[in-house]
Amino acid sequence: MNTLIKRRASREVKVGEVRVGGDAPIVVQSMTNTDTADIDRTIEQILALVQTGSEIVRITVNSAEAARSVPVIVQALRQSACSVPIVGDFHFNGHKLLTEFPECAKALDKYRINPGNVGRGSKKDEQFATLIALAIQYDKPIRIGVNWGSLDQEMLARFMDDNAKSVNPLPIEELTRKALIASALESAKTALQLGLAEDKIILSCKVSGVQDLIHVYRDLAKQCDYPLHLGLTEAGMGSKGIVASSVAMGILLQEGIGDTIRVSLTPEPNGDRTREVRVAQELLQTMGLRAFTPMVTACPGCGRTTSTYFQELAEDIQSFLRDSMPLWRTQYKGVETLHVAVMGCVVNGPGESKLANIGISLPGSGERPVAPVYVDGEKTVTLKGDFIAEEFKSIVIEYIQKKYQ
């Protein structure tokens, strides 16, 4: 772990067997996008997310059919030796579903409640109280998750009225950020008054803008010591979503803010849902906060590297390491900290290779067609010919077997 980053102190909350907050590692979360009533597809996607490295998975519980499916899904996961905590995502009718389907309430490991969607008018307090009573009855933690796009309109109206009377009214963006934080904190206070324990509450205040997220969480972190879940509500698609999430959460994580994270990428049609998990892991690992899979350093290429061979080898090695991790993780303690370098020419190749646990410096344009390999800073062998990739993989495997016993 990067000792230069001092984590913000927060209470610890247990979600299933996963620790969130306190001195626990920052947890990677994800969410399914299947219809929860489609049991087989939902189980398949949860297992794929867990295989990739998701440590908590959230599912939508929006109908009677979905609520009936939850205990079946959880039981199937446990029979498959999958212990990942399953979180129920509730909007509008959560109080009804958890009351009418007690097996669903028991099976879930946490309830996610959005104060803006609990109810309107006089029903809001009653329905929120029902949710908290159920959390107490079944000994479940909750996440009070406030969203910019579904903020409690009564609270926002109250803030706007007070702001209009102010001598120095705030801009609407700043006012909305304050209302978001107030909604989360007031809901947490109400939950405590209703009897929920302090170590059963996680908070989030999600927005879609990078600067807004940074401002909101800096202020929220100053006002409470609950564990905080980070993430943009809608990060976006592809590189835009990755960049926005990395910038916003990277700044907050560097300041010690954040106990769980999710990268809410919009997948391409029929795209791979597990991508959001890999991005979250890579964000934490490149910051030195967690280690999930061996890291590969590879040069970007230039006029010295007109061959695509080093690019193909780097991709091949990275895929090989990632695909091998589910088995290696059970056999070789600490293997996720392995650092491999695949470099394309003599300029930075030897130096970067020496800094890695294992590195290979491939020949660039006009260089001798040989590839020196460095192990823990020492040159051990020079590879050449048509089987460099296979020979280098064998060196990596041998190194892992010797070092990570």
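Where is Ser 54 found? I started my notes with this residue, working on a predicted model.

**Entry 1: Ser 54**

I placed Ser 54 in the loop that runs between α1 (39-52) and β4 (56-60). Next I asked: is Ser 54 buried or exposed? Its relative accessibility came out at 4%. The cut-off for buried is under 20%, so Ser 54 counts as buried.

Then I listed what surrounds this side of the loop. I set aside the neighbours within four places in sequence. Ser 54 is then in contact with Val 28, Gln 29, Ser 30, Leu 49, Val 84 and Val 277. One of these, Ser 30, I looked up again for side-chain pairing.

Arg 278 lies 224 residues from Ser 54 along the chain. Their C-alpha atoms are 8.7 Å apart in space.

**Entry 2: positive phi**

I turned to backbone angles. Most residues other than glycine have a negative phi. I noted two residues against that background.

Phe 92 has a phi near 70°, a positive value, and is not a glycine. I found Phe 92 in the loop between β5 (86-90) and α3 (94-100). Its relative accessible area is 58%. The cut-off for exposed is over 50%, so Phe 92 is exposed.

Asn 270 is not a glycine either, and its phi is positive at about 60°. I read a relative accessibility of 85%, so Asn 270 counts as exposed.

**Entry 3: the whole chain**

I stepped back to the chain. How many helices and strands does it have? I counted 13 helices and 17 strands. The C-alpha trace spans about 80 × 55 × 40 Å along its principal axes.

The chain has 405 residues, and 52% of them count as buried. Ser 54 is buried too, at 4%.

Surface came next. The chain exposes about 18800 Å². Carbon and sulfur atoms supply 51% of that area.

Last, I looked up charge. The chain carries 45 positive and 48 negative charges.

Terms used: Residues numbered from 1 in each chain as written. Heavy atoms only, no water. Helix = DSSP H or I, 4+ residues; strand = E, 2+ residues; numbered from the N terminus. Buried < 20%, exposed > 50% of the residue type's maximum accessible area, 1.4 Å probe, protein only. Areas by Shrake-Rupley, 256 points an atom, 1.4 Å probe, with all protein chains shown as cover. Lys, Arg positive; Asp, Glu negative; His and termini not counted. Charge placed at Lys NZ, Arg CZ, Asp CG, Glu CD. Contact = heavy atoms within 4.5 Å.
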